[in-house]
Amino acid sequence: MAQEYNKTFGVFKPVGHVVISFPTIDEARAAARELDKLGVTGDAVRFLTDREMLAQIDSDLENASPLAGVGQELNLIKSHQALAEEGFHFLVVRAEDDEQAAAIANCAKANGGERAQHYGHFVIEELISHATDLPQRRESQETGLDAQTPSGDEAERAEIRSPEDEKR
């Protein structure tokens, strides 16, 4: 990746950014154009193809400290890995505050964004919810990240998009 982001114990943790996944490259590009209209421009928006995200994740997994499993960063990169393996593309967008992060997520969702996480110093907040989301379950290194699918498998997410999502 041309731009280096914060890492925690060797794992991708872009504090002050929103990481958004999109099922298609066209949706990611459309969202980037809309973000530009909101004044989020230039180096505040970084586009990552599925292959670039996979390369970043491979590097992170290779260099992760054993302590990386303490938080959710390792689980999140594994969920990003599952999405990238399904061909999802990503935007990593700098957000000045929670209000801007919410506006970024709303713009992304309106343009086909599937998931968006706002990375804080201590909390990583999921910003896009879906009608099909299930009650949050306990997450740990052993149980993995809650993928919000009946099976708990992140790869299943692309298959249960709502009819409203398909219209975009």
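Helix H1 (residues 25–37) lies across strands E3, E4 and E5 (89–94), at about 20 degrees to E5. Lying across rests on contact, that is, heavy atoms within 4.5 Å. Axes are lines fitted to C-alpha atoms, for helices over the stretch in contact; angles run from 0 to 180 degrees between N-to-C directions. Helices (H or I, at least four residues) and strands (E, at least two) are DSSP runs, numbered from the N terminus.

This is a predicted model: local features need pLDDT of at least 70, side-chain atom pairs count only at pLDDT 80 or more, and totals for chains, interfaces and linings use all residues. Residues are numbered from 1 along each chain as its sequence is written, and side-chain values use heavy atoms, with hydrogens and water left out.

**Overall layout**

The protein has 5 helices and 7 strands. Along the sequence they follow the pattern β-β-β-α-β-α-α-β-α-β-β-α. Of its 168 residues, 47% are buried. Buried means under 20% relative accessible area, exposed over 50%, and partly exposed in between (1.4 Å probe, protein chains only). Among contacts between residues at least 6 apart in sequence, 70% join residues at least 24 apart.

**The sheet and its helices**

An open sheet is built from 5 strands in the order E4-E5-E3-E6-E7, with antiparallel pairing. Two strands pair if DSSP finds at least two bridges between them. Strand E4 (45–48) and strand E7 (124–126) each have a single partner strand, so one side of each has no neighbour in the sheet. From one strand to the next, the twist averages 20 degrees.

Strand E3 (residues 17–22) pairs with strand E6 (residues 115–119) over 5 bridges, in the antiparallel sense. Here His17 stands opposite Tyr119 of E6. Helix H4 (residues 98–110) lies across E3, E5 and E6, running at about 10 degrees to E3.

**The cores**

A nonpolar core is a set of buried Ala, Val, Leu, Ile, Met, Phe, Trp, Tyr and Cys residues joined through side-chain atoms within 4.5 Å. The largest one has 19 residues. Ile20, Leu35, Leu91, Val93 and Ile104 have the most contacts inside it. E3, H1, E5 and H4 each supply at least two of its residues. H4 gives the most, with 5 residues. Another core lies apart from this one; it has 13 residues, among them Met53, Ile77, Ala84 and Val92.

Leu91 shows how segments meet. Leaving aside neighbours within four places in sequence, Leu91 is in contact with residues including Val18, Ile20, Phe22, Ala28, Leu35, Val45 and Phe47.

Leu74 lies in helix H3 (residues 73–85). Leu74 counts as buried because its relative accessibility is 10%. Tyr119 belongs to strand E6. At 1% relative accessibility, Tyr119 counts as buried too. The table gives C-alpha to C-alpha distances for a pair with each.

| Pair | Apart in sequence | Apart in space, C-alpha to C-alpha |
|---|---|---|
| Leu74 and Ile57 | 17 residues | 9.5 Å |
| Tyr119 and Arg94 | 25 residues | 9.8 Å |

**Rings**

Arg29 lies over the face of Phe47, at 5.9 Å from the ring centre. A charge sits over a ring if NZ of Lys or CZ of Arg is within 6 Å of the ring centre and within 35 degrees of the ring normal. The count of aromatic pairs comes to 0. Rings of Phe, Tyr and Trp (its six-membered ring) pair if their centres lie within 6.5 Å; planes under 30 degrees apart count as stacked, over 60 as edge-to-face and the rest as tilted.
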